[in-house]
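This briefing covers charged contacts, strand pairing and surface charge in a predicted model. Please read the points below alongside the sequence and the structure.

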Amino acid sequence: MALTIVVLSSGGAGDSPGGAGKEGELSLTLDAPRIILGRAEGCEVRLPDTSVSPRHASIRQRGATYLLLDEGSENGTFLGKTRIAPRTAMPLRTGDRIRIGRVWLALRIEPAVPKASPAAAAKELALELVARGLAAQGEDPTPRVVVVDGPDLGRALRVEAPGRPYFVGRAKDADLTLDDPDVSRRHVAITRRGDQFSVQDLGSRSGASLDGAPVPQFDTVWRPGQVLAISADRLVFEHPAAEALAEIERSPCEPLSPDTAVEPPSPEEASATSSSPTSTPTPSPASASTLSPLARPAAAAPRVVQGSGWGFTEALIALLALGVLALSIAGLMWLLGRG
């Protein structure tokens, strides 16, 4: 059984980054023995929010059971509205909601096959979350190529579709048309994959260069900050979501006040997970023996209940003990009397 993690804190339309899940939801489908949730690059679920620690929590698979653990995060991990103790395993089931910092997630345990590499899917999820945040603030998050100098200064190309080559040249049907007469009809092709750009010369007359190095006739990585020269035009690419994501990941963790209330989304706000229950039962810790030694919580101290009286069972046991003691004393006296 695979685990599908749905981000409830972000709304809007769009396909699921991992290719799994219902239309309109942001989700990842993973099938791995350990899934790290956090803000840092390298986590299987990257949540770009400063209230999320770099390595915030983990979900571990033990047979058919998934267990949630807090990894010593700044702001804690919640199953429903219950904060879990660090290194204490809490069993999960379909429909559970968990909170990581300010971010609410819903879980589905179901037969499913991940349709993208975990690292690529995690990055796409993070970029889409940031892009939606920028759009909500009125900023255009679309990746684009901009002419920053030359005869076509100010022209721009929106590179929206990943994996599709965009053609730059003098042809009227080019994706970005340049009027410079020294530019070939189809001069270069530009492709975006995630937050990475590449450029390829298409056999142009005058060629193209990246920071002075000739662009070959095969896909070549176009690195951030490099200037693409096409005749007299100078082009750079911008990826607002990738830039914002890098800034968020570099930021220190934002501590939340203990009395900060972060309510889960309403059923209407989280309609993408309408099959999940809207309430979470009070969880109980899983047995420590099901965890690896590194994840096993420390032995619990004996539980002491303050201000409680004896119950019926305790009183009955005490009376029986007194009876046995009285019989023992009577027997001892009888033996002494015979002597």
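In this predicted model, E249 forms a salt bridge with R46, and the closest N and O atoms of the pair are 2.5 Å apart. Because E249 lies in helix α2 (residues 240-250) and R46 in strand β4, the contact ties together parts that are 203 residues apart in sequence. E249 counts as partly exposed at 23% relative accessibility, whereas R46, at 5%, counts as buried.

**Other salt bridges**

- The structure holds 17 salt bridges, and one of them joins the side chains of E110 and R108, with a distance of 3.4 Å from N to O.
- Within that pair, E110 is partly exposed, with a relative accessible area of 23%, while R108 counts as buried at 5% relative accessibility.
- R158 forms a salt bridge with D140, the closest N and O atoms being 2.8 Å apart; R158 lies in strand β13 and D140 in the loop between α1 (118-136) and β12 (144-149), so this pair ties together parts that are 18 residues apart in sequence.
- R158 is partly exposed, with a relative accessible area of 41%, and D140 is likewise partly exposed, with a value of 34%.
- Through salt bridges that share partners, D140, R144, R158, E160 and E238 are joined into one network.

**Strand pairing around β3**

- Strand β3 (residues 34-38) is mostly covered, since four of its five residues are buried.
- β3 pairs with strand β5 (residues 57-62) in the antiparallel sense over four bridges, and in this pairing I35 stands opposite I59.
- β3 also pairs with strand β4 (residues 45-46), here in the parallel sense and over two bridges, with L37 standing opposite V45.

**The six-stranded sheet**

- An open sheet of six strands runs in the order β13-β12-β22-β21-β18-β19, with antiparallel pairing.
- β13 (156-158) and β19 (213-214) stand at the edges of this sheet, each with a single partner strand, so one side of each is left without a neighbour in the sheet.
- Strands β21 (residues 228-230) and β22 (residues 233-238) pair in the antiparallel sense over three bridges, and I230 stands opposite D233 in β22.

**Surface charge**

- R170, K172, R185, R186 and R205 form a positive surface patch.
- K172, one of these residues, has its place in the loop between β14 (166-169) and β15 (176-177), and K172 is exposed, with a relative accessible area of 72%.

Terms used:
Residues are numbered from 1 along each chain as its sequence is written. This is a predicted model: local features need pLDDT of at least 70, side-chain atom pairs count only at pLDDT 80 or more; totals for chains, interfaces and linings use all residues. Side-chain values use heavy atoms; hydrogens and water are left out. Patches are made of residues with over 30% relative accessible area and no salt bridge: like charges are joined within 9 Å, nonpolar side chains (Val, Leu, Ile, Met, Phe, Trp, Tyr) within 5 Å. Accessible areas come from the Shrake-Rupley method with a 1.4 Å probe; for residues, only the protein chains shown count as cover. A salt bridge is a side-chain nitrogen of Lys or Arg within 4 Å of a carboxyl oxygen of Asp or Glu. Lys and Arg count as positive and Asp and Glu as negative; His and the chain ends are not counted. The place of a charge is taken as NZ of Lys, CZ of Arg, CG of Asp or CD of Glu. Buried means under 20% relative accessible area, exposed over 50%, partly exposed in between (1.4 Å probe, protein chains only). Two strands pair if DSSP finds at least two bridges between them.
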